[in-house]
Amino acid sequence: MFLFMEISREQHEKYEYARRRIKQKKRLYYHFVVFLIGSLFLILSDKIFHYSPFTNWYIWATTLWFFLFIMHFIKVYITDRFMNKNWEREQINRLMALQEKRIEQLKQKVESESNTSL
């Protein structure tokens, strides 16, 4: 029964991870479409409607927006891809192993000092 619950929990975690990743990618694609339409609107508002608070303002706005899109892309495809639950578990296990090793070393040191003092 416990093994079944463990498998079920693992399956649920995998499902949740996949669902979260799909949601992230969907938001990124949506951001890209809004970026393209918004950039086109900014360019048209300057060229056709002659709305210009200052010279070439739409280039600065589009460049800033593109930078934000690139940051979003990096988060979805680089950062979150590699720093997921498995990475987090591995880091926790590694740190716990280091702590246990250090505790064992300290125990051995205390035992050796107590043996030499006798």
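Buried residues are those under 20% relative accessible area, exposed residues are those over 50%, and partly exposed residues lie in between, with a 1.4 Å probe and protein chains only. By that rule F67 is partly exposed, because its relative accessible area is 49%, and F67 lies in helix α2. Helices here are DSSP runs of H or I with at least four residues, strands are runs of E with at least two, and both are numbered from the N terminus.

The structure is a predicted model, in which local features need pLDDT of at least 70 and side-chain atom pairs count only at pLDDT 80 or more, while totals for chains, interfaces and linings use all residues. Residues are numbered from 1 along each chain as its sequence is written, and side-chain values use heavy atoms, with hydrogens and water left out.

**Confidence**

The predictor's confidence in each residue is given as pLDDT, on a scale from 0 to 100. For the protein chain the mean pLDDT is 86, and 92% of its residues reach 70 or more. Among the elements of the chain, helix α3 (residues 85-117) has the lowest mean pLDDT, at 85, whereas α2 has the highest, at 91.

**Salt bridges**

Side chains of opposite charge can pair when their charged atoms come close. A salt bridge is counted when a side-chain nitrogen of Lys or Arg lies within 4 Å of a carboxyl oxygen of Asp or Glu, and by this rule the count comes to 3 salt bridges.

| Salt bridge | N to O distance |
|---|---|
| R89 and E13 | 2.3 Å |
| R19 and E16 | 2.8 Å |
| K107 and E104 | 4.0 Å |

In the salt bridge between R89 and E13, the closest N and O atoms are 2.3 Å apart. This pair links distant parts of the chain, with R89 in helix α3 and E13 in helix α1 (residues 2-47), 76 residues apart. R89 is partly exposed, with a relative accessible area of 37%, and E13 also counts as partly exposed, at 30%.

R19 and E16 both lie in helix α1, where they are 3 residues apart, about one turn of the helix. R19 counts as partly exposed at 38% relative accessibility, and E16 is partly exposed with a relative accessible area of 22%. K107 and E104 are separated by about one helical turn, because they are 3 residues apart in helix α3. Of this pair, K107 is partly exposed at 46% relative accessible area, and E104 is partly exposed at 41%.

**Aromatic residues**

Rings of Phe, Tyr and Trp (its six-membered ring) pair if their centres lie within 6.5 Å, and planes under 30 degrees apart count as stacked, over 60 as edge-to-face and the rest as tilted. A search of the whole structure finds 6 aromatic pairs. One of them is formed by W57 and Y58, an edge-to-face pair with 6.5 Å from centre to centre and 90° between the planes. W57 counts as buried, at 10% relative accessibility, and Y58 counts as buried at 11%. F73 and Y77 form a tilted pair, with 5.0 Å from centre to centre and 35° between the planes. These two residues, F73 and Y77, are separated by about one helical turn, because they are 4 residues apart in helix α2.

One aromatic cluster is formed by F32, F35, W65, F66 and F69. W65 lies in helix α2 (residues 57-82), and W65 is partly exposed, with a relative accessible area of 23%. Counting contact as heavy atoms within 4.5 Å, and leaving out residues up to four places away in sequence, W65 touches H31, V34, F35, G38, S39 and L42.

**Q24 and its contacts**

Q24 lies in helix α1 and is buried, with a relative accessible area of 15%. Residues up to four places away in sequence again being left out, Q24 touches H72, K75, V76 and D80. The C-alpha atoms of W65 and Q24, 41 residues apart along the chain, are separated by 18 Å.

**A nonpolar surface patch**

Patches are made of residues with over 30% relative accessible area and no salt bridge, with like charges joined within 9 Å and nonpolar side chains (Val, Leu, Ile, Met, Phe, Trp, Tyr) joined within 5 Å. Accessible areas come from the Shrake-Rupley method with a 1.4 Å probe, and for residues only the protein chains shown count as cover. A nonpolar surface patch of about 990 Å² is made by residues including L64, F67, L68, F73 and W87. Helix α2 gives the most to the nonpolar patch, with 8 residues. F73 counts as partly exposed, at 35% relative accessibility.
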